[in-house]
Amino acid sequence: MPIANANGVDFHIQITGSGPTVVLLHGFMGNVATWYFTTAPVLARSHRVIMFDLRGHGKTQRIAEGYDIATMSRDLAAIVDLNTEESVTLVGHSYGAAVALNFAIDAPNRVKKLVLVEAPLPASNVDEVTRFSSLSTAEVIDVLPPGVKAALENPQRHTRRGYETFHFLWHQTTLRRDFEAARDIHDDVLSRVTTPTLCVYGTTSRCRPVGERLSRVMPNAKLVLLEGGHYLPSETPEELTRTIVDFVNG
């Protein structure tokens with residue numbers, strides 16, 4: 001299990017392929033598996049692909065704090081710096097997309113292209129937090145999308161770990177507080193992001209207006225709508241992969 005220390009945290013990192021670097025970021029309660037079996041293998045035919053479990057997620061070190069956008073953006077910066085001196089392409093889903101966008105704002109010279117899949121703005125509007133903030137762990141699990149719920153409730157050891165991780169993040173960290181404190185990004189800041197950007201949103205997602213806003217305000221951003229909701233990596237993995245790969249290779 002490849003582990004690397006970045007920004008004071010031991011991160012589980014997976015790297016595959018060779019060529020220009022692409023970094024894939026999962027969302028809240030995800031892990032490298034979000035991309036590992038779908039988009040990553042296709043991108044790895046022509047790129048060096050880096051995936052890592054966000055702090056507190058998956059096999060990365062469990063940390064009680066630091067789930068705000070700024071800290072997680074510094075995590076990303078440290079991992080990028082560990083692996084390359086060149087600019088990279090960033091692909092993020094949900095909260096991971098919000099982290100990628102923040103990194104692109106702070107370090108535009110380090111980002112070649114940007115793919116935002118269901119990025120919430122403000123990040124406090126991430127679907128899981130706004131819907132679940134007052135629920136217990138069991139209640140949250142019960143109302144998750146069927147595929148996510150099934151994975152968390154699977155009795156096999158590797159998927160059961162997902163339930164334990166969820167309970168840890170939900171009840172023993174600052175995650176909810178950090179998410180809820182997140183603020184919007186003003187249009188004048190977004191308008192200065194000139195990085196070629198692909199915004200991918202679900203047709204039935206509550207975040208869809210965000211994609212429409214980003215594609216309107218960011219000068220080099222375009223919007224693609226795919227059939228589905230917030231969990232596009234699991235709802236429509238093949239179409240999402242084609243959309244991402246076409247943009248990255250274009």
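Contact here means heavy atoms within 4.5 Å. The model shown is predicted.

**View 1. The whole chain, as a setting for the close-ups.** The chain holds 13 helices and eight strands. Of its 250 residues, 55% count as buried.

View 2. Thr 89 sits in strand S5. With a relative accessible area of 4%, Thr 89 is buried, because the cut-off for buried is under 20%. Leaving aside neighbours within four places in sequence, Thr 89 is in contact with Thr 21, Val 22, Val 23, Lys 112, Lys 113 and Val 248. Leu 24 is 65 residues away from Thr 89 in sequence, yet the two C-alpha atoms are 8.6 Å apart in space.

**View 3. Strand S5, covered on both faces.** Strand S5 spans residues 88–93, and six of its six residues are buried. In a regular strand, side chains alternate between the two faces of the sheet. One side of S5 carries Val 88, Leu 90 and Gly 92, and the other carries Thr 89, Val 91 and His 93. Both of these faces are covered.

**View 4. The strand partners of S5.** Strand S3 (residues 21–25) pairs with S5 in the parallel sense, over four bridges. Here Val 23 stands opposite Leu 90 of S5. Strand S6 (residues 111–117) also runs parallel to S5, and six bridges join the two. His 93 has Val 117 of S6 as its bridge partner. From S5 the chain crosses through H4 to S6, a β-α-β crossover that is right-handed.

**View 5. The largest nonpolar core.** In soluble globular proteins, nonpolar side chains tend to be buried together. The largest nonpolar core of this model has 54 residues. Those touching the most other members are Val 23, Phe 52, Leu 76, Leu 90, Leu 101 and Leu 214. Helix H4 (residues 95–106) gives the largest share of this core, eight residues. Another core, of 21 residues, lies apart from it, and its members include Val 22, Val 91, Ile 244 and Phe 247.

**View 6. Leu 76 among its contacts.** Which residues does Leu 76 contact, leaving aside its neighbours within four places in sequence? They are Val 23, Leu 25, Phe 52, Leu 90, Val 99, Ala 100 and Phe 103. Val 23, Phe 52 and Leu 90 are, like Leu 76, among the core members that touch the most others.

**View 7. Helix H11 and its buried face.** Helix H11 covers residues 208–217. Its buried residues are Val 210, Gly 211, Arg 213, Leu 214 and Val 217. Down the helix axis, these residues fall within an arc of 160°, so they line one face of H11. What covers them includes H4, S6, helix H10 (187–190), strand S7 (197–202) and strand S8 (221–226).

View 8. Asp 184 and Arg 213 meet through their side chains in a salt bridge, 3.1 Å from N to O. This pair links distant parts of the chain, 29 residues apart: Asp 184 lies in the loop between helix H9 (175–180) and H10, and Arg 213 lies in H11. Asp 184 counts as partly exposed at 37% relative accessibility, whereas Arg 213 counts as buried at 15%. Asp 184, Asp 187 and Arg 213 are linked in a network of salt bridges. Arg 208 and Glu 212 are separated by about one helical turn, because they stand four residues apart in the helix. Arg 208 is partly exposed, with a relative accessible area of 26%. Glu 212 counts as partly exposed too, at 32% relative accessibility.

**View 9. The salt bridge between Arg 110 and Asp 81.** The count of salt bridges comes to five. In the one shown here, Arg 110 pairs with Asp 81, and the closest N and O atoms are 2.6 Å apart. Arg 110 lies in the loop between H4 and S6, and Asp 81 in helix H3 (residues 69–83), so this pair too links distant parts of the chain, 29 residues apart. Arg 110 counts as buried, at 14% relative accessibility.

How values were computed. Residues are numbered from 1 along each chain as its sequence is written. This is a predicted model: local features need pLDDT of at least 70, side-chain atom pairs count only at pLDDT 80 or more; totals for chains, interfaces and linings use all residues. Side-chain values use heavy atoms; hydrogens and water are left out. A nonpolar core is a set of buried Ala, Val, Leu, Ile, Met, Phe, Trp, Tyr and Cys residues joined through side-chain atoms within 4.5 Å. Buried means under 20% relative accessible area, exposed over 50%, partly exposed in between (1.4 Å probe, protein chains only). Two strands pair if DSSP finds at least two bridges between them. A crossover is right-handed if, with the strands pointing away from the viewer, the path from the first strand over the helix to the second runs clockwise. The arc is that of the directions from the helix axis to the C-beta atoms. A salt bridge is a side-chain nitrogen of Lys or Arg within 4 Å of a carboxyl oxygen of Asp or Glu.
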